[in-house]
Amino acid sequence: LLVLWLLPIFVSITRFAAARLLPLLSQRIQMELPLAAVVALLIATQVLGILAAVWVQQNMQNFVSVPATLIFIVYAIIPGTSVGLSMLSMRQGAAEAPFFALLA
């Protein structure tokens with residue numbers, strides 16, 4: 001359940017890394033991986049994912065049960081915090097804007 005809850009965050013991080021970081025790294029560092037290394041990396045990732053899923057299924061009774069209401073509240077707080085911080089930043093920027101007009 002926690003994995004499903006965090007899945008959008010992991011997908012966003014993966015998309016960011018694929019879209020922004022990998023092209024940047026390939027420009028600065030000549031990354032030439034042989035095809036066998038890429039295939040081995042993909043297979044190792046699949047095996048680790050399967051082993052993690054089996055481990056979670058075997059130890060499911062040991063995990064703490066979290067009410068759905070708490071998960072929803074935490075999941076709703078994340079974007080609310082982001083909006084609140086952005087509004088705080090905008091308010092602080094609006095308070096400083098008249099001083100920049102005096103510099104011109």
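I began with the surface: the protein chain exposes about 9400 Å², and carbon and sulfur atoms supply 75% of it. Accessible areas come from the Shrake-Rupley method with a 1.4 Å probe, and for residues only the protein chains shown count as cover.

I noted that this is a predicted model, in which local features need pLDDT of at least 70 and side-chain atom pairs count only at pLDDT 80 or more, while totals for chains, interfaces and linings use all residues. Residues are numbered from 1 along each chain as its sequence is written, and side-chain values use heavy atoms, with hydrogens and water left out.

**Confidence**

I looked up pLDDT, the predictor's confidence in each residue, from 0 to 100. The protein chain averages 78, and 78% of the residues score at least 70. Among the elements, H1 has the lowest mean pLDDT (74), and helix H2 (residues 35-58) has the highest (86). Where pLDDT is low, the predicted coordinates should not be read in detail.

**Elements and burial**

Helices (H or I, at least four residues) and strands (E, at least two) are DSSP runs, numbered from the N terminus.

I then checked burial: buried residues make up 1% of the 104 residues. Buried means under 20% relative accessible area, exposed over 50%, and partly exposed in between (1.4 Å probe, protein chains only).

**Nonpolar patch**

Which residues make the nonpolar surface patch of about 700 Å²? I listed Ile 9, Phe 10, Ile 13, Val 64, Val 66, Leu 70, Val 74 and Ile 78. Helix H1 (2-28) and helix H3 (68-103) are the elements that give two or more residues to this patch.

I placed Ile 78 in helix H3; Ile 78 is partly exposed, with a relative accessible area of 45%.

I located Tyr 75 in helix H3 and recorded it as partly exposed at 38% relative accessibility. Tyr 75 touches Trp 5 and Pro 8, not counting residues up to four places away in sequence; contact means heavy atoms within 4.5 Å. The C-alpha atoms of Tyr 75 and Trp 5 are separated by 8.1 Å, although these residues are 70 residues apart along the chain.

Is Leu 2 buried or exposed? I found Leu 2 in helix H1, and Leu 2 counts as exposed at 54% relative accessibility. Its C-alpha atom is separated by 8.9 Å from that of Ile 71, 69 residues apart along the chain.

Note on methods. Patches are made of residues with over 30% relative accessible area and no salt bridge: like charges are joined within 9 Å, nonpolar side chains (Val, Leu, Ile, Met, Phe, Trp, Tyr) within 5 Å. A salt bridge is a side-chain nitrogen of Lys or Arg within 4 Å of a carboxyl oxygen of Asp or Glu.
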